Amino acid sequence: MKKNDCEGKKKRCRSLLIEGTKYKTYLNKKYENRKFWKKKDEKKIFTFIPGTVVKLYVKKGQLVKKGEPLLLLEAMKMRNIITSPAEGKIRKLKVKEGGKLKKDHLMAELE
Amino acid sequence: MGLKRKILELHKKREAVLKGGGDKAIEKQAAMGKLTARERIISLLDPDSFHEYDLFVEHEARDFNMDKKILHGDGVIIGTGTIYGAPVCIFAQDFTVAGGSLGMMHARKITKIMDHSLKLKVPLIGINDSGGARIQEGVNSLAGYGEIFFRNTLSSGVIPQISVILGPCAGGAVYSPALTDFVFVVDKISKMFITGPEVIKTVLGEEISMEDLGGAKVHSEITGNAHFYAKSEAECFEQIKKLVSFIPWNNIKKAKAFEPKEPKSEYKVSEIVPGDPRQPYDVRDVIKGIVDDSDFFEIQENWAANIVIGFGRMNGETIGFVANQPLVLAGVLDVDSSDKAARFIRFCDAFNIPIITLVDLPGYLPGVDQEHMGVIRHGAKVLYAYSEATVSKITVILRKAYGGGYIAMASRHLRADFVFAWPTAEIAVMGPEGAANIIFRKEIMEAEDPDKMRKQKVKEYKEKFANPYVAAARGYVDSVIEPEETRKLILHAIDVSDSKSVFLPQKKHGIPPF
């Protein structure tokens with residue numbers, strides 16, 4: 001049998017499980033770097049885009065309803081109203097008016 | 001004024017324009033490690049075959065002091081020539097003239113040669129090296145891009161279109177290459193993106209270099225936008241020439257036939273594939289064991305390497321190959337490999353190139369990311385492309401062909417004309433381990449020693465179903481063949497299907513899951 005480069009020193013084959021069978025094979029970068037899925041926590045509100053907080057409508061400890069505006073985030077020259085995804089008390093509020101936020105920044109957390 | 005003087009005047013005029021943006025700009029181009037547009041055309045085409053059009057075109061812009069500026073040839077060179085004797089239409093953007101920016105007349109030159117190539121039914125080659133739209137010409141410049149995209153679409157499937165990225169190609173400009181059939185990139189020279197690093201930084205705060213955002217490596221390994229990657233412009237031109245030798249001039253002609261040659265003796269198909277379906281091997285070695293002179297011209301080598309596509313010749317004629325690659329991700333179909341295969345199948349079908357499919361896959365890649373990226377609609381492209389293709393479709397099942405993967409890989413059910421299977425083929429709903437676990441779940445669970453029972457049941461299933469004979473008994477496989485017979489039988493299949501004709505229902509066009 002012809003030797004394939006699987007036994008090469010530089011790169012080794014790994015095993016990949018598909019429907020109960022383990023295959024010996026190389027993995028590619030995209031596969032190795034894939035993101036693992038996690039269930040979204042509805043109580044945590046993250047920025048989906050970097051931007052500046054123009055206005056804050058709520059305070060820490062305040063009770064908010066689902067869909068109630070929390071803050072105004074200016075991003076890509078657009079003013080986005082960030083609303084509450086659920087009903088609850090604001091446990092954490094990690095934004096200030098005029099503050100610049102990065103992407104995936106935790107803005108607020110509900111109880 | 002006598003004839004001689006008039007000819008002298010022509011010479012003088014030519015001389016001025018042939019210098020493009022002038023000595024300084026040419027020096028700058030060289031300092032960036034790039035050839036000039038003219039040098040590129042000369043290196044790519046057969047010696048003395050280039051005939052230039054529209055050398056004396058001038059721009060018409062009047063605003064922003066543009067009326068005082070002379071832009072030789074308006075920053076683009078167009079013409080006709082030959083590659084190994086095959087006629088081509090070509091344009092090359094001249095970065096030395098106003099950064100190769102695209103103004104109205106520049107675009108008109110490009111669309112002129114595009115119209116020409118469609119009329120003459122010869123391949124179009126576009127060399128891109130441009131800063132983008134000429135802002136001073138405003139909407140006229142945008143109109144120019146639109147006219148180019150429209151013609152790219154019109155020509156698609158009629159003449160082969162090749163894009164060569166030899167400099168920046170950013171913003172809307174990238175969509176012309178994206179609409180063409182093959183995109184060539186060169187290390188450190190090619191740059192393609194919709195929004196550049198600066199905009200990304202201001203808007204999103206992400207810092208990235210041009211190279212990391214849209215360099216040659218990125219497009220040939222991550223995005224799949226490029227089909228061929230080269231280390232230098234010279235290597236890139238060799239790749240283009242080789243590609244042109246494999247493809248026909250248009251959708252009516254067949255690719256030029258070459259002198260038939262036997263495969264090299266070092267590639268013995270019977271010695272490459274391990275019997276155990278879990279063991280990998282390089283499927284390209286099998287292709288090399290089948291094609292003339294073992295010369296396989298691979299496309300998108302470094303992207304979605306779990307499927308292999310490319311051209312080879314058999315009995316001197318061009319053949320398109322699609323093969324699962326067990327060496328990478330066990331050869332599964334996934335989002336990228338489906339896109340890669342489907343587009344290639346459609347190219348082959350449009351240009352009368354028979355398709356040989358080598359099958360050895362465990363199915364689709366499991367994972368949330370795959371599902372959420374839409375592996376359903378991407379995977380569907382393969383089914384669509386194979387079903388729609390009317391060129392000769394020859395399928396060889398080397399080893400495993402499980403489940404949806406079996407159906408997708410040019411099965412009889414998608415109207416493959418010939419389906420061969422090696423004795424090592426396993427055509428089944430899934431691998432023996434998975435199948436036994438489901439079918440004999442109760443027995444395994446209730447057994448005193450479930451592990452032993454599972455092993456026994458897997459063995460039983462393997463013996464009964466992990467073979468080509470169940471499919472052969474229904475005629476889904478035409479013949480079970482010895483690996484050594486593969487080339488001979490494929491050659492026979494190509495011979496007897498030369499005048500194949502099928503009638504599809506009449507329609508304006510189908511709606512593939514783009």
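Predicted model: local features only at pLDDT ≥ 70, side-chain atom pairs only at ≥ 80, totals over all residues.
What percentage of the 514 residues of chain B count as buried? The share is 51%.

Chain B contains 20 helices and 17 strands. Along the principal axes, its C-alpha atoms occupy a box of roughly 105 × 55 × 45 Å.

Helix H1 (residues 3-18) of chain B has 16 residues, and its first and last C-alpha atoms are 22 Å apart, close to the 22 Å expected at 1.5 Å a residue. H1(B) is hardly covered, as the count of buried residues among its 16 residues is zero. After H1(B) comes B:Gly20, which has a positive phi near 60 degrees.

Helix H14 (residues 375-388) of chain B has 14 residues; at 1.5 Å a residue they should span 20 Å, which agrees with the 20 Å between its end C-alpha atoms. In contrast to H1(B), where the buried count is zero, H14(B) has buried residues that include B:Val375, B:His378, B:Lys381 and B:Leu383. B:Tyr384 and B:Tyr386 are also among the buried residues of H14(B). The cover over the buried residues of H14(B) includes helix H12 (335-350), helix H13 (368-372), strand S14 (393-402) and helix H15 (403-408) of chain B.

Strands S2(B) and S3(B) run antiparallel and are joined by eight bridges. Within this pair, B:Ile78 stands opposite B:Phe91 in S3(B). Two residues lie between the strands of this hairpin, in which B:Tyr84 adopts a positive phi near 50 degrees. Strand S3 (residues 86-93) of chain B has six of its eight residues buried, so it is largely enclosed by the rest of the structure. S3(B) also pairs with strand S4 (residues 124-128) of chain B, in the parallel sense and over four bridges. In S4(B), B:Ile125 is the bridge partner of B:Ile90. The path from S3(B) to S4(B) passes through helix H4 (residues 104-120) of chain B, giving a right-handed β-α-β crossover.

The loop between strand S1 (51-53) and strand S2 (76-83) of chain B contains B:Gly75. Why does B:Gly75 count as buried? There are 29 C-beta neighbours inside 10 Å of B:Gly75, and the cut-off for burial is 20 or more. Not counting residues up to four places away in sequence, B:Gly75 touches B:Gln93, B:Asp94, B:Val97, B:Ala98, B:Gly100, B:Ser101 and B:His106. One of these contacts, B:Gly100, lies 25 residues from B:Gly75 in sequence and 5.0 Å away in space, C-alpha to C-alpha.

## Contact between chains A and B

The contact between the chains takes 25 residues from chain A and 30 residues from chain B. On the chain A side, strand S1 (14-18) and strand S2 (21-25) each supply at least two residues. S2(A) provides the largest share of that side, five residues. By class, the side of chain A that touches chain B has twelve nonpolar, five polar and eight charged residues.

## A sheet in chain A

Four strands of chain A form an open sheet in the order S3-S10-S8-S5, with antiparallel pairing. Strand S3 (44-46) and strand S5 (63-64) of chain A are at the edges; each has a single partner strand, so one side of each is left without a neighbour in the sheet. S5(A) pairs with strand S8 (residues 88-93) of chain A in the antiparallel sense over two bridges. The bridge partner of A:Val64 in S8(A) is A:Gly88.

Note on methods
Residues numbered from 1 in each chain as written. Chains lettered and ligands numbered in written order. Expected span 1.5 Å × (residues − 1). Buried ≥ 20, exposed ≤ 12 C-beta atoms within 10 Å, placed from the backbone. Contact = placed C-beta atoms within 7 Å. Nonpolar A, V, L, I, M, F, W, Y, C, P; charged D, E, K, R; others polar. Pairing = 2+ DSSP bridges. Right-handed = clockwise from strand over helix to strand, strands pointing away.
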